[in-house]
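Welcome, and take a moment to turn the model around before reading on.

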Amino acid sequence: MKVLVIGGGAREHALCRSLSQDPAVTELHCAPGNAGIARVATLHPVDQLDGAAVTALAQELGADLVVVGPEAPLVAGVADPLRAAGIPVFGPSAEAAQLEGSKAFAKDVMAGAGVPTARSYVCTTEQEAAEALDAFGAPYVVKDDGLAAGKGVVVTEDRAAALEHAKGCDRVVIEEYLDGPEVSLFAITDGTTVLPLVPAQDFKRALDGDQGPNTGGMGAYTPLPWAPEGLVEEVLRTVLQPTVDELRRRGTPFSGLLYAGLALTSRGTRVVEFNARFGDPETQVVLARLRTPLAGVLLAAADGTLAELEPLRWDEGAAVTVVMASEGYPANPRTGDPIEGLDEAEADGTAFVLHAGTRTGAAGEVLTAGGRVLSVTATGADLAEARAKAYAGLAKISFKGAQHRTDIAAVAAQ
């Protein structure tokens with residue numbers, strides 16, 4: 001099987017790493033990729049938002065499967081011309097990807113499917129936003145309706161700050177605050193059958209102790225020893241399957257990766273948000289534990305044969321990933337700095353390094369090229385071992401102004 005992965009972050013590196021280990025994959029390509037992905041796949045320049053260009057590349061390569069990683073190409077409709085050309089693609093259509101592209105659309109789908117979520121108002125004026133904030137009270141939850149790369153959500157006790165964020169968006173969803181821990185649950189679907197993966201938890205705040213601004217995610221771990229028994233089965237029954245069924249009923253079937261961000265509240269499980277693709281950095285830990293070869297699973301979702309698959313096989317242990325970010329991230333990340341110690345971090349096989357924002361310099365050196373730079377990932381018999389290995393690997397890597405959280409999975413590992 002020849003596989004083309006679209007994207008260039010740590011999520012795509014995790015996908016490419018797993019696909020490169022699949023004996024069924026004879027050729028692996030990535031566009032545009034990054035310095036780390038170049039070690040396991042052939043890179044190609046492409047505008048990942050240009051469906052025609054992506055389709056032409058897939059045809060030129062003779063790709064048997066195209067895997068679209070990031071949300072922006074999916075919302076832009078990159079999967080549609082691929083499907084029209086008869087190329088199997090893992091990722092929803094532009095219409096179905098509105099589940100992530102518009103929080104208002106997602107709320108409407110959840111209402112139709114009877115999915116439990118926070119009460120909310122969709123606001124387009126400052127007055128509407130002010131009234132919604134007062135209706136719910138603090139803590140205030142304000143979400144940009146459109147894509148914002150994980151940084152469009154503000155949760156604050158400060159009403160003025162909440163209103164300021166709302167004013168900066170064309171349309172916002174203001175909703176009640178959901179208490180309780182958050183869980184990320186991915187499910188692979190072909191539009192009918194829904195195959196949940198193992199749950200994970202990510203860390204959105206930039207600083208230890210869940211302080212600082214929201215980011216795209218500073219680390220993640222799986223499994224969740226504190227999660228209630230039967231959580232996956234409950235979410236499949238009350239959230240994932242009803243959502244997939246509702247989208248199919250509307251004539252916009254969802255095929256690809258459905259990501260449910262969940263809050264385990266005092267009043268039961270509630271959906272915080274849906275995403276239309278693998279989450280980053282949770283993908284890094286979820287795929288680290290997956291033992292079933294990945295390409296066949298993604299192809300089954302693309303061609304509508306998920307129901308014929310055998311149950312997925314998982315490593316019984318744990319996985320932890322810690323993000324190394326640039327100085328100034330998330331507000332104003334600095335780039336272009338050389339990264340030292342990458343080979344040393346992986347030398348003893350304890351950890352592996354997934355590249356997020358990197359590029360290759362003129363002399364072949366690896367340079368920082370984004371806010372989140374690396375995801376240092378490790379597996380172990382339990383969370384404590386996986387965590388120790390990930391941080392040991394991270395300690396061998398350096399670049400100017402590097403920052404990371406020191407408390408990823410710390411409480412869960414105790």
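In helix α10, the residues Glu282, Thr283, Gln284, Val285, Val286, Leu287, Ala288 and Arg289 are buried. Here buried means under 20% relative accessible area, exposed means over 50%, and partly exposed lies in between, with a 1.4 Å probe and protein chains only. Helix α10 spans residues 282–289 and is mostly covered, with eight of its eight residues buried. Helices are DSSP runs of H or I with at least four residues, strands are runs of E with at least two, and both are numbered from the N terminus.

A word on what you are viewing: this is a predicted model, in which local features need pLDDT of at least 70 and side-chain atom pairs count only at pLDDT 80 or more, while totals for chains, interfaces and linings use all residues. Residues are numbered from 1 along each chain as its sequence is written, and side-chain values use heavy atoms, leaving out hydrogens and water.

**The whole chain**

The chain has 14 helices and 22 strands. Its radius of gyration is 20 Å, close to the 22 Å from the globule rule for 414 residues, so the chain is as compact as a globular protein of that length. That radius is taken over C-alpha atoms, and the rule is 2.2 Å times the number of residues to the power 0.38. Along the principal axes, the C-alpha atoms fill a box of roughly 55 × 45 × 40 Å. Of the 414 residues, 56% count as buried.

Among contacts with a separation of 6 or more, 68% are between residues 24 or more positions apart; a contact means heavy atoms within 4.5 Å.

**Strands and their partners**

Strands of a sheet pair through backbone hydrogen bonds, either parallel or antiparallel. In this report, two strands pair if DSSP finds at least two bridges between them. Five strands form an open sheet with parallel pairing, in the order β3-β2-β1-β4-β5. At its edges are β3 (42–43) and β5 (89–90), each of which pairs on one side only.

Which strand is largely enclosed by the rest of the structure? It is β22 (residues 372–380), because eight of its nine residues are buried. Strand β22 pairs with β18 (residues 318–325) and also with β19 (residues 352–355).

| Strands | Sense | Bridges | Facing residues |
|---|---|---|---|
| β1 and β2 | parallel | six | Lys2 and Glu27 |
| β13 and β14 | antiparallel | two | Arg205 and Asn214 |
| β18 and β22 | antiparallel | eight | Ala325 and Arg372 |
| β19 and β22 | antiparallel | four | His355 and Leu374 |

Strand β1 covers residues 2–7 and β2 covers residues 27–32. Strand β13 takes in residues 205–207, and β14 residues 211–214. These last two form a hairpin with three residues between the strands, where Gly209 takes a positive phi near 70 degrees.

**One more helix**

Is Glu385 buried or partly exposed? With a relative accessibility of 32%, Glu385 counts as partly exposed. You can find Glu385 in helix α13 (residues 383–394). Glu385 and Leu163 are 222 residues apart in sequence, and their C-alpha atoms are 44 Å apart in space.
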